[in-house]
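Here is a short briefing on selected local features. Please keep the sequence and the structure open while reading.

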Amino acid sequence: MDGADVEWAKEVKGNVYDMVVEGFQLLSRWTARIWEQCAWKFSRPCKDPVSTESHEASFSDYEKVVRYNYSADERKALVELVSYIKGIASLMQKSDTLVADALWETVHAEVQDFVQNTLATMLRTTFRKKKDLSRILSDMRTLSADWMANTSKPDSEMPAFQQGGEESRANFFYPRPVAPTAAQVHCLQYLIYEVVSGGNMRKPGGLFGNTGSDIPVNDLKQLETFFYKLGFFLHILDYSATVAMLTDVGFLWFREFYLESSRVIQFPIECSLPWMLVDHVIESQNAGLLENVLMPFDIYNDAAQQALVVLKQRFLYDEIEAEVDNCFDIFISKFCDAVFTYYKSWAASELLDPSFLFALDIGEKFSVQPMRFSGLLKMTRVKLLGRTINLRSLTTERINKVFRENIEFLFDRFETQDLCAIVELEKLLEILQLAHELLSKDLTLDSFSLMLNEMQENVSLVSYSSRLASQIWTEMQNDFLPNFILCNTTQRFVRSSKVPPAPVPKPSVPHAKPNFYCGTQDLNSAYQSYARLHSAFFGLPHMYSTVRLLGSRSLPWLIRALLDHLSNKITTLEPLITGLQDALPKSIGLLPFDGGVAGCVRIVQDHLNCWQSKSELKIEALRGIKEIGSVLYWMSLLDIVLREVDTSQFMQTAPWLGLTPGVDGQLVQFQDSEDSPIISLFKSIATTSNPSFSNPSSLRVLSRQAEAADLLYKSNINAGSVLEYSLAFTSAALDKYCSKWSVIPKTGFVDITTSKDFYRIYSGLQMEYLEEAVQAQPSRHGMLGDSIAWGGCTIIYLLGQQLHFELFDFSHQVLNVAEVEVAAIASAHKNPHIVQGLEGLLEAMKKGRRMNNHVFSMLKARCPLEDKQACAIRQSGAPLHRIKFDNTVSAFETLPQKGA
């Protein structure tokens with residue numbers, strides 16, 4: 001390099017040296033501030049400590065000076081200052097090898113400039129006639145001058161100094177990264193001391209004072225400056241040790257004096273200042289402090305280093321190690337809880353309805369402030385007491401465990417509630433799944449579906465039941481079917497206020513932190529308000545949640561369990577119906593029109609007085625029919641949901657399968673080729689020869705997989721109706737009781753007076769509970785709801801007794817008499833006082849008839865009886881047995897067709 005390059009390099013390296021010196025000064029100043037604050041706190045303990053734990057009555061001295069002596073702002077400032085110190089120290093340690101040459105060259109240049117130039121000038125001027133001092137200065141040059149750096153300079157410059165030529169010309173040398181040794185530095189300091197003091201240890205005015213000194217002021221100032229520089233060079237040369245010394249804050253942990261004075265073995269970790277700082281960062285949820293949460297652990301590293309290297313006390317290190325192990329375990333637990341809470345709150349906030357937030361004036365309280373967890377979650381190497389800890393791995397393991405615990409808690413909580421809580425369960429699981437998705441961007445977590453199946457005990461390939469399906473079935477059997485009634489108008493089941501609740505043993509509600517719900521208290525309140533909207537009924541929203549949660553794997557098991565329950569109910573109903581049949585009078589004729597409405601009602605009551613001693617049988621029969629109707633209507637709701645799901649899936653798969661709905665509702669291919677579009681696509685790709693494909697056989701495998709997928713999806717498209725299957729199952733279960741509940745008349749004519757078929761029993765039961773519905777006592781309708789109509793009418797329809805029921809039903813006959821009577825009175829221009837007092841009963845009968853007609857129309861539409869053996873009546877009144885029954889045209893067949 002030429003002279004300009006040398007000067008430029010010297011300037012750059014000098015700037016590096018100045019920057020390192022400034023860093024040392026900052027570290028020294030900050031550490032000194034911590035020392036000063038620590039000393040101030042120890043000298044001024046807290047006089048009135050306030051504990052959050054009520055059982056603590058007395059406080060130790062150490063708690064007064066540490067635990068209760070630092071405010072939240074002071075802890076925040078201390079964490080920030082420790083983070084500054086450790087952060088800058090880490091940067092300086094990492095750049096050790098980068099700045100070493102620059103520091104050594106700068107120190108080398110400083111020493112050589114002083115020795116070869118400054119001392120040379122002094123020897124020619126000030127100390128020329130002072131032989132003793134001149135000898136010391138010459139020794140200094142001999143001891144530390146690097147004459148090898150002058151080997152490359154011109155020869156014309158060499159004799160200039162030797163012959164005493166141009167005295168003003170400075171000696172030129174090339175800097176080298178060869179720093180002086182510590183011994184050389186100490187010797188230079190000693191020799192400067194000898195020159196200045198002359199051996200006088202008590203020199204007035206200090207070592208470099210000019211009182212009584214023969215050395216000029218300028219030379220004395222130069223010696224003083226270089227003397228202090230030499231003292232600092234020792235720290236520069238021992239770079240790593242200096243950084244460690246300046247950043248040592250291990251004194252914040254030591255408390256041996258207070259252990260002795262308090263006469264205890266050790267203080268709890270709540271009194272340890274390093275842990276107090278870590279805990280403050282986690283609890284404060286300060287986004288600016290969060291990335292510094294690991295910095296206070298360096299206090300333990302410094303304390304352990306001092307205990308082993310400086311104090312050489314193994315027992316101190318053991319105490320530090322035990323506390324660190326405990327603190328880090330607690331830190332991992334608290335840190336994972338904070339991470340889980342943040343991502344859970346984030347997910348809950350994202351899933352809130354935007355219109356709900358827009359309508360609120362305080363919608364901002366449901367938003368989540370961003371926290372910078374990403375950097376911490378990516379840390380794989382945390383140095384702690386000489387060990388390297390994989391924080392990412394520990395966090396992943398703990399978060400996986402927390403997710404499983406959260407799923408377990410949600411299922412435990414659902415088991416303490418009724419079936420209406422299924423919507424809330426789905427919403428909470430949806431929040432948890434979104435939190436898992438967000439967190440999976442920073443951590444490698446287990447699959448959420450895998451964890452969900454594990455908690456549902458549904459991992460085995462041959463397990464078609466699940467914990468959730470079993471709980472739903474248990475809840476339906478013990479609580480839903482006995483205690484809920486149907487409101488057909490709203491398509492909802494509601495809990496009956498008239499039925500005394502049967503004692504259902506349930507576990508107690510598990511206790512959990514807010515983060516196991518939605519994250520924060522505000523979000524919990526918002527979602528609880530949403531859950532309360534669906535907590536008082538069971539309807540289509542609950543059925544959608546049930547289908548989505550159970551899936552296609554566990555839902556068939558639940559359907560089969562309900563159908564088996566329905567079959568058992570029919571079996572249980574058989575002896576009850578038989579008992580009521582036996583108690584009926586031998587002859588029950590048609591109601592006479594000349595008796596009027598009141599007379600007809602009295603006649604019916606006389607006929608049904610035979611059941612007065614059979615009240616328990618009546619109640620049990622009504623409950624059994626009501627549960628059968630509840631199961632069938634529950635299946636109809638399920639059928640509505642599954643049809644929508646199947647339609648949505650068909651819309652997604654039909655273009656790939658080449659299918660389109662035909663005119664008559666049948667599926668047709670919209671392509672002439674035999675293969676569907678997805679098979680044709682992969683076959684064309686497999687047959688195309690492209691040299692860029694490294695593995696052409698994989699394309700042929702994909703083609704075969706496309707054929708398999710085509711067969712699989714096509715087989716699932718023509719899936720049957722759940723409701724139709726349930727009605728067919730019910731019909732098969734009724735076949736064994738057809739001979740008892742639907743007896744063929746022996747006379748060959750319609751049996752009007754002596755029939756005791758099921759329709760007659762149900763007609764009597766319906767008449768009685770309609771009468772009770774208008775009385776002051778608890779309403780039977782409030783206890784049975786519309787499910788009784790669905791159960792009774794379904795059994796009547798499937799037994800082929802619909803026409804018999806519509807002809808001979810007591811309420812139908814009474815309504816016919818009432819219509820004739822009202823028409824006769826109206827034609828005579830008289831007030832219809834004859835039915836006064838029976839208006840409520842007649843209105844209830846009309847509602848019952850409308851409900852029965854609605855159920856029959858639905859059954860005809862969904863389960864036509866063309867293929868069932870039924871009974872019809874000729875116009876002459878002669879019966880026809882076991883013939884095909886012509887069904888009425890259903891609503892689905894009368895819809896306008898495309899192209900008609």
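Buried means under 20% relative accessible area, exposed means over 50%, and partly exposed lies in between, using a 1.4 Å probe and protein chains only. By that scale Gln285 is partly exposed, at 38%. This is a predicted model: local features need pLDDT of at least 70, side-chain atom pairs count only at pLDDT 80 or more, and totals for chains, interfaces and linings use all residues. Residues are numbered from 1 along each chain as its sequence is written, and side-chain values use heavy atoms, with hydrogens and water left out. Helices (H or I, at least four residues) and strands (E, at least two) are DSSP runs, numbered from the N terminus.

**Positive phi in loops**
- Most residues other than glycine have a negative phi.
- Gln285 has a positive phi, near 55 degrees. Gln285 sits in the loop between helix H11 (273–284) and helix H12 (287–290).
- Gln491 is not a glycine either, yet its phi is positive at about 55 degrees. The loop between strand E3 (484–487) and strand E4 (492–495) holds Gln491. Gln491 is partly exposed, with 31% relative accessibility.

**Asn406 in helix H17**
- Asn406 belongs to helix H17 (residues 391–415). Asn406 is buried, at 0% relative accessible area.
- The side chains of Asn406 and Lys344 make a polar contact of 2.8 Å. Such a contact is a pair of N or O atoms within 3.5 Å; within protein, one must be able to donate a hydrogen and the other to accept it, and residues adjacent in sequence count only if both atoms are side-chain atoms.
- Leaving out residues up to four places away in sequence, Asn406 touches Phe340, Lys344, Leu432, Asn515 and Phe516. Contact means heavy atoms within 4.5 Å.

- H29 (residues 758–773) has 16 residues. From first C-alpha to last, H29 reaches 22 Å, close to the 22 Å expected at 1.5 Å a residue. The expected span is 1.5 Å times one less than the number of residues.
- H29 is mostly covered, with 15 of its 16 residues buried.
- Ser755 lies in the loop between helix H28 (738–741) and H29. Ser755 is buried, at 7% relative accessible area.
- A polar atom of the Ser755 side chain lies 3.5 Å from the backbone nitrogen of Asp757.

**Leu311**
- Leu311 is in the loop between helix H13 (297–310) and helix H14 (314–351). Leu311 is partly exposed, at 39% relative accessibility.
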